[in-house]
Amino acid sequence: MISEIALNDGVVIPQLGFGVWQVPQEQAAEVVAKALRLGYRHIDTAQGYGNEQGVGDAVRGSGLARDEVFITTKCHNESHGRRNAVEALEASLERLGLEQVDLYLIHWPQPSLDKYVETWEGLIEARERGLTRSIGVSNFHPPHLERIITSTDVVPSVNQIELHPMLTQEPLVGASRRLGIQVESWSPLASGKILGDETLAQIARGHGKSVAQVVIRWHLQLEYIVIPKSVTPARMAANLDVFDFELTFAEMRRISALNTDTRTGPDPDVF
Ligand SMILES: NC(=O)c1ccc[n+]([C@@H]2O[C@H](COP(=O)([O-])OP(=O)(O)OC[C@H]3O[C@@H](n4cnc5c(N)ncnc54)[C@H](OP(=O)(O)O)[C@@H]3O)[C@@H](O)[C@H]2O)c1
């Protein structure tokens, strides 16, 4: 059973989801259908991933009720601005073949554009119109968070940020939590770069689990939402099989101590 988290607006999200960045459109329907058969109930896509149509085909073809699958999409960098953000979600819904997503995020703050407050107003409007159940942000730093909250009095439900043992982001996690925002980890396995680490391998051996499973478990125990991606069926299944063991406090500390503040993706302040 996948644990669930209640967001600050009451919307409930499965804590472990399935990320589909870099899953090509031609493969997306098959991969997401497989993920749903394995038991995933939360899919993380984005306008920028170019695979919303495949995600929608899989969800609609799954035989699952719409409210059994949580779907996130994200407002692309080219769609900043109040009206653009709403229209971009309408276009996403068309591609997904759905009436509503569960969570709509601003993908990147793009501070050099300086439009993220207007974009946030667009997300608020989209929620009011029922196009999404919940609204949040991604890659927002504390000044970006504070500015949209001060300007609109609406607190994002989620901040989806790059987060893994090489980049533990404690200050940003603390700031998000103080504002009542749920943290969600993207590239939770550091896009695979963390998987050869010897400390993690040792901890994994002690539990009879893989390094990826230990890292996913670390995210869960820190109460982050976590969205690993794999197109390999055995790994997709293994990444879900993380609810039958527990890392000790000492193991959690050892994993967090691997932090080197190393990003695999861009710095949101300059991207
Ligand atoms: N908001 C944002 O700006 C943002 C940015 C990046 C990502 N994301 C989200 O975060 C999701 C996950 O991030 P990600 O795709 O960068 O990377 P990730 O989940 O950290 O790692 C994926 C990589 O690890 C491999 N892998 C997965 N499970 C494994 C296992 N059990 N054993 C060994 N290798 C394994 C995958 O290989 P195979 O697929 O070949 O099996 C793939 O190469 C994305 O799909 C997307 O939804 C969001």
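**Close-up 1. Trp108, Trp186 and Phe271 form a cluster of rings.** In this predicted model, ring pairs join Trp108, Trp186 and Phe271 into a cluster. A search through the whole structure turns up four aromatic pairs. A pair of aromatic rings is described by how far apart the centres are and by the angle between the planes. Take Phe18 and Tyr40, the subject of the next view: their ring centres are 5.0 Å apart with the planes at 55 degrees, so this pair is called tilted. For Trp108 and Trp186, the centres are 6.1 Å apart and the planes meet at 70 degrees, so this pair is edge-to-face. Trp108 belongs to the loop between β6 (101–106) and α4 (116–128), while Trp186 is in strand β9 (residues 182–186), so the pair ties together parts that are 78 residues apart in sequence.

**Close-up 2. Phe18 and Tyr40 make a tilted pair.** Here are the two rings with centres 5.0 Å apart and planes at 55 degrees. Phe18 is part of strand β3 (residues 18–19), and Tyr40 sits in the loop between α1 (25–38) and β4 (42–44), so the pair ties together parts that are 22 residues apart in sequence. Both Phe18 and Tyr40 are buried.

Close-up 3. Look for Asn77 in the loop between β5 (70–75) and α3 (82–96). With 17% relative accessibility, Asn77 counts as buried.

**Close-up 4. Arginines sit over aromatic rings at Tyr116 and Phe245.** At one spot, the charged end of Arg147 sits over the ring of Tyr116, 5.1 Å from the ring's centre. At another, Arg217 lies over the face of Phe245, and here the distance to the ring centre is 5.9 Å.

**Close-up 5. The largest pocket has a volume of about 770 Å³.** The lining of this pocket takes in 34 residues, and the closest to its centre are Trp21, Gln22, Ser187, Ser191 and Lys229. Sorted by class, the lining of the largest pocket comes out as 14 nonpolar, 17 polar and three charged residues.

**Close-up 6. The second largest pocket holds about 160 Å³ of space.** Which residues come closest to the centre of this pocket? Out of 13 lining residues, they are Asp67, Val69, Phe70, Asp102 and Arg133. Two elements, β2 (12–14) and β6, each give two or more residues to the lining. By class, the second largest pocket is lined by five nonpolar, one polar and seven charged residues.

**Close-up 7. There is one cavity of 30 Å³ or more in the structure.** Rolling a probe the size of a water molecule over the atoms shows where empty space is left. The largest cavity contains about 30 Å³ of space. Around it you'll find Asn139, His141, Ile161, Glu162, Gln169, Leu172, Arg263 and Pro268. That lining splits into three nonpolar, three polar and two charged residues.

Definitions and conventions: Residues numbered from 1 in each chain as written. Predicted model: local features only at pLDDT ≥ 70, side-chain atom pairs only at ≥ 80, totals over all residues. Heavy atoms only, no water. Phe/Tyr/Trp six-rings, centres within 6.5 Å; stacked < 30°, edge-to-face > 60°. Helix = DSSP H or I, 4+ residues; strand = E, 2+ residues; numbered from the N terminus. Buried < 20%, exposed > 50% of the residue type's maximum accessible area, 1.4 Å probe, protein only. Lys NZ or Arg CZ within 6 Å of the ring centre and 35° of its normal. 1 Å grid on protein atoms, 1.4 Å probe; cavity = no way out; pocket = protein on both sides within 12 Å on 5 of 7 lines; lining within 4 Å. Points joined across faces, edges and corners; volume = space filled by probe spheres on them. Nonpolar A, V, L, I, M, F, W, Y, C, P; charged D, E, K, R; others polar.
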